[in-house]
Every structure is written in C-alpha cells, then in structure tokens.
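Grab the viewer and work through a few exercises. Try each one yourself before reading its solution.

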Amino acid sequence: MVGDRDTADRYFEPQVETMPRQELRARQEKQLLELVEYAYANSAFYRELWDEHGVHPRDIQSLEDFRARIPFITKDMIRAYRSRTGDPFAGLLCVPVQELTSVSSSSGTTGDPEFFAEIWQDAPPLVTAQVRDLWELGLRPGDRVLSPPGTFRNFMDAGFQALGAVVIEVDTWMGNMPEVVEALRTYRPAYLQMMYPQMVELEHLAEKTDLREAFSSLKGASCAGQPLSRKMRERIRDDWGIDVYEYTSAADTGTAWECREHDGFHLWEDTVFAECVEVDEHGWRDVPESDLGELVATDLDNRAAPLIRYRSEDLVRLSRDTCGCGRTHARMWVAGRRGDETVVQGRSVVLRDVWQAVEDQPETVAGVFQIVRDRREVDELRLRVGYDPHLTGDVDALAGRLSEAVRERTGVKPVLDMRTEEDLLKTMTSVAKFPRVVKT
C-alpha cells in the first residue's frame with residue numbers, strides 16, 4: 001500500500017483518487033440526480049425513451065431510484081433513432097450545435113463508428129483521466145511525448161499539454177515504425193503512445209535494430225486497441241526494457257487505464273458511474289463482485305451528449321476493493337465482448353482459449369488471429385492465424401502444432417488459414433483495432 005510520503009509521486013489529484021468509497025458514492029448520487037433532470041429537459045432521445053417507460057425526473061430521488069427506474073440503452077437503439085429521425089446526434093445532444101468544439105468518433109471495430117459531441121473548454125474529453133494516468137506512469141511537466149496524429153476520439157494532445165509536456169507529433173501508423181524509432185533516438189521522449197498493430201510491427205523491427213537502446217529514454221509507453229498477449233508483454237518488458245501500460249474504453253464514456261500495479265483497469269468514478277450486470281429476457285440483476293458480467297456505464301462529466309445506463313457489450317469483472325496503488329476507484333478486467341462467443345456444433349469457444357493456444361507457439365506469439373464466421377453457431381471453427389515469417393520455417397508443421405494446441409484448449413479441431421502477420425493486419429477495417437471475429 002502507498003504511504004503518505006509517496007502521494008506526490010503517485011497521485012495527480014490525491015483527494016479525488018483516494019476518496020473514501022462512501023464519499024465517492026455520495027458524489028455520484030448527486031451527479032446522477034442532476035444528470036437525469038438535465039437530460040430529460042434537453043435530450044429528445046431520453047425524453048422519448050423515459051416517457052415510454054413512464055419515468056420522470058421527479059421519480060428519481062436517489063441512486064437506488066436511478067438504477068431501478070432508468071432503462072438501459074444500447075448502440076442499436078441509438079442507431080435506430082438516428083436512422084428514424086435523420087438526426088446525426090441521435091437525439092442525445094443536450095446543447096445547441098454551435099456550442100460544440102468538435103465531433104469525433106469511435107474506432108468502428110464492431111460496426112459503424114459512433115460519434116461523440118464534445119465541448120473542450122467545458123469538459124475536455126479524456127483529459128481528466130488521462131492526466132491522472134500519465135502522472136502515475138511518471139510523466140512530469142517538461143517531459144517530451146511522442147504522440148500520433150489522432151483519427152478518432154480526438155487528439156490526445158490536450159492531456160499532454162494540460163500536464164505541461166512537450167508534444168512531438170510523429171506518424172506512428174503501420175509501416176512507419178523505422179521513422180518512429182529514429183524519432184525516439186532524435187528527441188529522446190519520456191513517453192510513447194502506441195496501438196496494438198504497431199507493437200506487432202515493432203516486434204519484427206526488433207530483429208534488425210536495438211530497440212532497448214532506442215527506448216532507453218522512456219519512462220513508459222501505452223498501448224490500446226487490443227490487449228497484448230502475456231508473452232508479448234513479457235518480451236516488450238524484458239527485451240525492449242520498457243513498461244507498457246494498457247488502456248481500454250470505459251464503455252465509450254472515456255478510458256480506463258492501468259496503474260503501476262498492472263492489476264486491472266482503473267475506472268475514474270467521478271467521471272463515470274459503472275455497473276456490472278447480467279441481462280436476459282426476464283430482466284437484469286447485479287453480478288457479484290469479481291464475477292463476469294456486462295459493463296453498463298453512465299457519463300458523469302459530459303454536458304454535450306451523455307450516455308446514460310449504456311450497455312457496452314463488454315464482459316468484465318469489476319472490483320471496488322482498494323488497489324495496491326492506494327486508489328479507491330473501481331477496477332475492471334476485460335474478458336471480451338458478449339458477441340464474440342462462437343458455438344461450434346454445440347460447444348462454446350471463447351477468444352481467450354484460442355488466444356492462449358496461438359501465443360504458445362513461438363512463431364505466433366504476438367497473438368494475431370481471427371475467428372471467421374457468418375453467425376454465432378457454426379459447424380466448424382475457422383481461424384485465420386498470422387505468423388512471423390522470420391521465425392517460421394515450415395508453415396505446414398506450424399499449422400499442425402497450432403491445430404492440436406487449439407483442439408486441446410477448446411475441444412474443437414480448427415480449419416486454419418495461415419498468413420503472415422503483416423498480411424493479416426492489412427485486413428483491418430478500423431484505424432486502431434484488429435477485429436478478432438470477422439464475417440466470411
């Protein structure tokens with residue numbers, strides 16, 4: 001546990017980051033009651049939905065009322081409203097369009113991108129969480145950061161600049177890793193922002209350049225888009241000499257990051273109200289602490305177009321126990337997406353089992369693979385698997401080992417389509433994420 005003398009080193013806002021749970025809950029309740037009244041008065045989407053469910057702000061007097069009465073919303077409901085009305089903001093917008101600073105989008109990995117209306121001077125998106133996380137990582141005023149030009153969820157530069165860091169813009173997209181390494185050696189930044197596909201490309205570059213030397217100035221690097229495999233993460237730490245901090249989406253309400261403990265993603269609960277539930281045709285129930293359930297999130301700091309009780313489809317374990325870093329905000333561990341389970345002749349196959357089988361082979365340690373299917377229930381398990389050609393001699397022999405490893409993990413013998421990692425990564429339809437389940 002972190003002592004008092006360490007708080008200046010670990011916490012950017014210690015009074016918030018270590019707030020007692022009772023105070024945090026009271027703060028959330030106040031924010032939620034204000035949010036319900038505000039959204040009903042200003043959002044056509046919520047007013048229509050809540051009227052259909054017989055809900056009015058006067059009915060919501062407590063956090064318990066909020067959870068009992070306010071209905072869930074889904075991405076499909078938002079898309080349906082947009083399609084029916086022609087409103088690009090799907091009725092969520094609570095302010096005049098001219099008040100907006102920008103409109104950015106999600107990555108679009110699981111469908112059409114979702115658009116986020118933002119008011120930067122009011123509540124800059126991601127910045128609150130980002131600055132706290134960068135401080136924990138070790139970034140300080142005056143440090144240089146290597147930042148990629150943003151193409152979704154807007155630029156990250158506002159967070160770097162709020163911290164007092166010097167931003168160096170470098171195109172870190174696929175195919176540009178030699179230039180990134182050269183920029184690292186030239187500017188000696190303290191921090192590098194990356195995505196999963198670039199990490200895979202750097203693995204190949206490591207065979208012909210000294211990445212440990214190139215990365216020697218870094219206090220840390222972040223990775224988003226997809227989780228890193230256990231073995232890939234160990235290689236980055238042991239061979240390249242850098243500590244990687246992963247981050248993920250907090251159900252489109254912001255981001256959730258790792259701290260130095262690397263024990264779950266921190267959800268900043270003064271910006272998001274998180275629930276972990278199981279939903280079926282009979283209704284919904286809370287999932288016991290640390291059991292697997294669906295993440296449902298509510299924006300607490302978004303005046304422009306808040307998401308309220310938004311079902312993420314992300315399957316997570318949620319814990320509100322104090323972290324080893326001393327922070328009291330909830331942490332989550334992401335297991336996958338609800339729609340990613342594949343049923344092969346009645347047998348359930350989940351991404352985690354396939355992933356473990358793939359990363360156990362030296363030639364496929366990066367875990368670049370996809371399940372190919374037309375529907376959830378299929379007759380055969382079809383896999384595309386990317387291999388490192390520099391490490392692979394006999395592709396057929398590798399396929400044989402992979403096939404047996406997948407069968408041992410899942411109980412299903414797969415049909416394999418072997419490709420180089422570079423070729424398989426070229427199939428990406430999103431700017432940031434490598435889709436794990438794709439249609440034929």
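This is a predicted model: local features need pLDDT of at least 70, side-chain atom pairs count only at pLDDT 80 or more; totals for chains, interfaces and linings use all residues.

Residues are numbered from 1 along each chain as its sequence is written, and side-chain values use heavy atoms, with hydrogens and water left out.

**Exercise 1.** Find T328 and work out whether it is buried or exposed.

Start with the location: T328 sits in the loop between β13 (310–319) and β14 (331–337). (Strands are DSSP runs of E of at least two residues, helices runs of H or I of at least four, numbered from the N terminus.) Next, check accessibility: T328 has a relative accessible area of 8%, so it is buried (under 20%; exposed is over 50%, partly exposed in between, with a 1.4 Å probe and protein chains only). Then look at the side chain: one of its polar atoms lies 2.5 Å from the backbone oxygen of M19. Beyond four places in sequence, the contacts of T328 (heavy atoms within 4.5 Å) include E17, T18, R21 and E269.

**Exercise 2.** Which residues does S348 touch, leaving aside neighbours within four places in sequence?

S348 belongs to strand β16 (residues 347–349), and its 39% relative accessibility makes it partly exposed. The residues in contact are E341 and T342. With E341 the link is side chain to side chain, a polar contact at 2.6 Å.

**Exercise 3.** Describe how α4 packs on α6.

Take the axes, which are lines fitted to C-alpha atoms over the stretch in contact, with angles from 0 to 180 degrees between N-to-C directions. The axes of α4 (residues 44–52) and α6 (residues 75–85) come within 12 Å and cross at roughly 110 degrees. That makes the two helices, α4 and α6, roughly perpendicular (65 to 115 degrees; under 35 is roughly parallel, over 145 roughly antiparallel, the rest oblique). Now the residues: A44, F45, E48 and L49 of α4 meet M77, I78, Y81 and R84 of α6.

**Exercise 4.** What kind of ring pair do F66 and F273 make?

The ring centres of F66 and F273 are 6.0 Å apart and the planes are at 80 degrees, so call it edge-to-face (centres within 6.5 Å and planes over 60 degrees apart; under 30 is stacked, the rest tilted; for Trp the six-membered ring is used). F66 is in helix α5 (residues 63–69) and F273 in strand β10 (residues 272–280), so the pair ties together parts 207 residues apart in sequence. To finish, F66 is buried at 0%, and F273 is buried at 6%.

Technical notes: A polar contact is a pair of N or O atoms within 3.5 Å; within protein, one must be able to donate a hydrogen and the other to accept it, and residues adjacent in sequence count only if both atoms are side-chain atoms.
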